[in-house]
Amino acid sequence: HDAQLQVEGLELALPPDEKPNSLFVQASLLSHVQKTPTGAPKWDHTIHFVVGDVSTDKINITVFKENSFSPNVSLGKFDLSIQKLLKTGGPGPWNKRLILTDTNSGMVNVCIMLRYHGNR
């Protein structure tokens with residue numbers, strides 16, 4: 001299986017003087033990590049992962065504010081279970097609005113598609 005994601009951030013917890021043009025999403029599955037280009041909170045970027053075990057694999061999605069001279073700041077995260085997605089029926093696509101954790105506010109809209117290769 002492989003998974004494809006497209007992500008959009010909503011109501012992210014930015015400081016009042018911050019502009020959303022320095023944001024990016026980092027997504028990981030096991031040791032495979034990808035990130036979107038830095039920009040506004042609608043990232044027109046597809047992220048691909050190879051899913052090894054649909055019963056245990058989770059995609060971790062974190063929204064960051066990029067800082068030039070200090071560590072990047074996490075604006076929230078979400079763990080997405082492949083098994084729970086499949087229980088909702090078929091390979092997708094699914095459009096999910098996910099509430100971010102470890103933050104005061106923020107959500108992401110995620111479009112997810114699973115593709116099967118070979119025998120299922």
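Author: Some questions and answers on the terms follow. This is a predicted model, where local features need pLDDT of at least 70, side-chain atom pairs count only at pLDDT 80 or more, and totals for chains, interfaces and linings use all residues. Residues are numbered from 1 along each chain as its sequence is written, and side-chain values use heavy atoms, with hydrogens and water left out.

Reader: Which elements does the protein have, and what makes a run a helix or a strand?

Author: The protein has one helix and eight strands. They are DSSP runs, numbered from the N terminus: helices are H or I with at least four residues, strands are E with at least two. The order from the N terminus is β-β-β-β-β-β-α-β-β.

Reader: Why is the contact between D102 and K77 called a salt bridge?

Author: The term needs a side-chain nitrogen of Lys or Arg within 4 Å of a carboxyl oxygen of Asp or Glu. The closest N and O atoms of D102 and K77 are 3.3 Å apart, so the pair qualifies. D102 sits in the loop between strand 7 (94-99) and strand 8 (107-115), while K77 is in strand 6 (residues 73-81), 25 residues apart. A search of the whole structure finds one salt bridge.

Reader: Are D102 and K77 buried, exposed or partly exposed, and how do you know?

Author: Buried means under 20% relative accessible area, exposed over 50%, and partly exposed in between (1.4 Å probe, protein chains only). D102 has 61%, so D102 is exposed. K77 has 37%, so K77 is partly exposed.

Reader: What makes S22 buried?

Author: Its relative accessible area is 14%, which falls under the 20% limit, so S22 is buried. S22 lies in the loop between strand 1 (2-10) and strand 2 (23-29). Leaving out residues up to four places away in sequence, S22 touches T38, G39, F64, K65 and E66. Touching here means contact, with heavy atoms within 4.5 Å.

Reader: How do you know that strand 2 and strand 5 pair?

Author: Two strands pair if DSSP finds at least two bridges between them. Six bridges join strand 2 to strand 5 (residues 58-65), so they pair, and they run antiparallel. Q26 stands opposite T62 in strand 5.

Reader: What makes strand 3 and strand 6 edge strands?

Author: The open sheet has four strands in the order 3-2-5-6, with antiparallel pairing. Strand 3 (32-35) and strand 6 each pair on one side only, so they are the edges.
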